[in-house]
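Have the sequence and the structure open as you read.

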Amino acid sequence: MNKIAERDVRNAKNTRPVASPISHEENLQSSFLDPDLSDLESGARLRGAILEHSGREISGWIVDTRAPTVSVSLSLFVGPHAIEETRTDRAAPAGIGSGMAISRPGFRIDLANSVARRRLARALRNTLADLDQLQIYLRVRLDDGEFFEIPLFDAIAPDELVVALGFSPSDYTDLLIPNNNRPITPDPDPAGKQVRHVCFYLPQFHSFDENDRWWGPGFTEWTNIARMRPQFPAHQSPWLPADLGFYDVRLTETRRQQAELARRYGIHGFCYYVYWFQGRRLLERPLELLLEDGEPDLPFCICWANENWSRRWDGSDAELLLGQNHALEDDVRFIDDMAELLLDERYITVDGRKIILIYRPSLLPDRQSLFETWRARAKELGIGEILICNAMTFGEFDPRDVNCDAAVEFPPHTVSTTEQPLSELGAPANFTGKVYDYVDAVRSSLGKTYDFPCFPAVMPRWDNTPRKGSRGHIFNRSSPEAFEVWLRDAAGRARKGPFAEPIVFINSWNEWAEGAHLEPDSRYGRAFLEAVRRVASSEPISAQVRSNPDLLDCLSRQELEQAMKEASTHVQLLANIHRSEMIYSGLQHMRSGIPVEAEGASENPAESLLVIENINSQTNERVVVDPRSVVLVRGWVCAGGSFEASKHRIAFLILLSTDSEMPDRDGYCLVVDWHERFDVKEYMRTKSSDCYFGFQLSFLVHDLPEGEYQIAVLEVGEGSRALIRSNHSIIVRR
């Protein structure tokens, strides 16, 4: 469904900088009006001037000479970091003397607001550490996808950077300390707006005639998943479905299980893609079954994927399989064909209006007439009022430009992030794709606002190499922790939006071939779903977020203060149980030796089991770790039916040296983050209600010598102790 623009903006052809600034002595009213438009096509693509770049703002005017009345999008960058985004005002005809002129669209970038200051702080810290990136420029994006980058300063010294952006030298320290300027607000009133989380749902998990002809008998998205391979050493690939397996959405039981899983983790409903070609439908069977047998029994809405069906999966005209030949007389029938779905009592409404998404409304001819016909027909059919929304894709962001009522963010189209050099990732020469930074994408999305009605959206991951192989696009460094930060911010933005019944969209529930899935997989299990559950139930930020240094500058002061309070509780617990200390919440030093409680413990008692699900997000049994970096271990443990846990569950994670000649090289730390694993309990069909517990632990191993260490867990119970070994080990290598 999605496509990241492959244009290299720094090497865009025919780019020219904005015209020289207009002198401040000129009459500003006349400078924003151009009575002579006869030469617009003959000059540079952009025409404009920067009138102000001090006083904590940058302002001026800019116009696309090929479309003078169209609004233009601008972003301020410091090095690779996007600081603030805006659009020019809409140009309009104005009179000068006896003739007509076009008002030049003006813009203003405010650097004094709290969101811009936080982004600027991050950019300053990073660019001052790498002076080669010390560039300040405007990126101008036009409606046809062209990008231009306009330098604001030819050369600038590091100590002049803050002053050049309009801040005084006294602001310098404050800017380098994140969150000092972010206001502390009370938690939202629970009786106020309740945010609903709605996931995009791909119905491509069953075979049908057209796919059999185009791709071979039995083709589904699982075919792509089964053949994926890692493209470079740090590439988190492959992944396989966990709880639901390689399912077929035509099975009632499968769709019922999806509904149960979604409800358990706070998902309100699904947004189904509809493939409708002048009355002909593809992948329609799941929606037909939704009406026939009622599964999945969840609220739902639809998104018309109104682009071409192509062999490249991107809606382009290349290798066309089934084209969209939009015509007003055909498209008016869409609302009638969807009427049965829209009349269903489960269909999602926003403030009393049925919400309909359109993937690319700009492809529709005479949209104003079409949507007016839809609205009238919806009332005739008893559907009522409809809310028509555009997905923010391919530069089509503003709903006013495409005659829609509101917009829906659609990452990765709506994120700004840095591209990671392939050479630094160790990618082979045959990998021609692109790798982006997920954490940077999250940071650039925090606090984003628009001057039009909009529903925020997030994505858990992104990696379309199952479809495109070595040409794929990947967002590296994705994790449940970074996703949780993004989702929390999106929920906060939704509450502040214009809708009384806000929605946050998630891309998506099951886009397995694009790596954007919430369904449990072999790498993370239900970790991404757990993040949704925590946000939906207004739980505090997780220990993993608090212990991730890359994400701390994404938290508000209130969240940091709460993390400090929880950290002190953990420190007290550690002091009471075993004299120790923590660097900060959730992150421990691996201590030398083994706990005294291990003496006399029974090893691997009957029915005991220790499963390590991943180490630093890797599922290999032997994982190499750098002692300078944090080690994150996730798993679950069962100490056996005869083991009786104490009131406060106590356990240690132990690293046992495999070097028999040096037995004193072991290390250990305390497990403090326990959670009951209901999924494991159901899978194992256990009789006990409290024997399967999950854990996740962050620690440092810089005090341990190099070598290989087997992972074990020591459980301390009421009068009994159990040491359970795993098959996993870490290799400390400097």
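Let us begin with a cysteine: cysteine 271 has a relative accessible area of 0%, so this residue counts as buried (under 20% relative accessible area, with exposed over 50% and partly exposed in between, using a 1.4 Å probe and protein chains only). Before going on, please note that this is a predicted model, in which local features need pLDDT of at least 70 and side-chain atom pairs count only at pLDDT 80 or more, while totals for chains, interfaces and linings use all residues. Residues are numbered from 1 along each chain as its sequence is written, and side-chain values use heavy atoms, with hydrogens and water left out.

**Cysteines**

A disulfide is a covalent bond between the sulfur atoms of two cysteines. Here a disulfide is taken as a pair of cysteine sulfur atoms within 2.5 Å, and the count by this rule is 0 disulfides. Cysteine 271 is in no disulfide, and its nearest cysteine sulfur, that of cysteine 301, is 3.6 Å away. Cysteine 199 is also buried, again with a relative accessible area of 0%.

**A four-stranded sheet**

Helices (H or I, at least four residues) and strands (E, at least two) are DSSP runs, numbered from the N terminus. Two strands pair if DSSP finds at least two bridges between them. An open sheet of 4 strands runs in the order E5-E4-E9-E10, with antiparallel pairing. Strand E5 (81–87) and strand E10 (147–151) are at the edges with a single partner strand each, so one side of each has no neighbour in the sheet. From one strand to the next, the twist averages 25°, where axes are lines fitted to C-alpha atoms (for helices over the stretch in contact) and angles run from 0 to 180 degrees between N-to-C directions.

Strand E4 (residues 73–78) and strand E9 (residues 136–141) pair over 6 bridges in the antiparallel sense. Leucine 74 stands opposite valine 140 in E9.

**Rings and charges over rings**

Rings of Phe, Tyr and Trp (its six-membered ring) pair if their centres lie within 6.5 Å, with planes under 30 degrees apart counted as stacked, over 60 as edge-to-face and the rest as tilted. The structure holds 32 aromatic pairs. In one of them, tyrosine 524 and phenylalanine 528 have ring centres 5.2 Å apart and planes at 80°, so this pair is edge-to-face. Both tyrosine 524 and phenylalanine 528 are buried. One aromatic cluster is formed by Phe200, Tyr273, Tyr359, Phe394, Phe410, Phe455, Phe499 and Phe505.

A charge sits over a ring if NZ of Lys or CZ of Arg is within 6 Å of the ring centre and within 35 degrees of the ring normal. Arginine 360 lies over the face of phenylalanine 394, at 4.3 Å from the ring centre. Arginine 139 lies over the face of phenylalanine 77, at 4.1 Å from the ring centre.

**Salt bridges**

Side chains of opposite charge can pair when their charged atoms come close. A salt bridge is a side-chain nitrogen of Lys or Arg within 4 Å of a carboxyl oxygen of Asp or Glu, and the count by this rule is 34 salt bridges. The table lists some of them.

| Aspartate 336 | Arginine 377 | 2.8 Å |

What do salt bridges join into one network with Glu514? Glu221, Arg467, Glu511 and Glu514 are joined through salt bridges that share partners. Glutamate 514 and arginine 467 are both buried. Aspartate 336 is partly exposed at 31% relative accessibility, and arginine 377 is partly exposed at 28%. Glutamate 419 is partly exposed at 46% relative accessibility, whereas lysine 434 is buried at 16%.

**Backbone details**

A cis peptide bond joins glutamate 295 and proline 296, with omega about 0°. Proline 296 is in the loop between helix H8 (285–293) and strand E14 (300–304). The bond from proline 411 to proline 412 is cis too, with omega near 15°.

Aspartate 351 is not a glycine, yet has a positive phi of about 55°. Aspartate 351 is partly exposed at 35% relative accessibility. Serine 617 has a positive phi near 70° and is buried at 11% relative accessibility.
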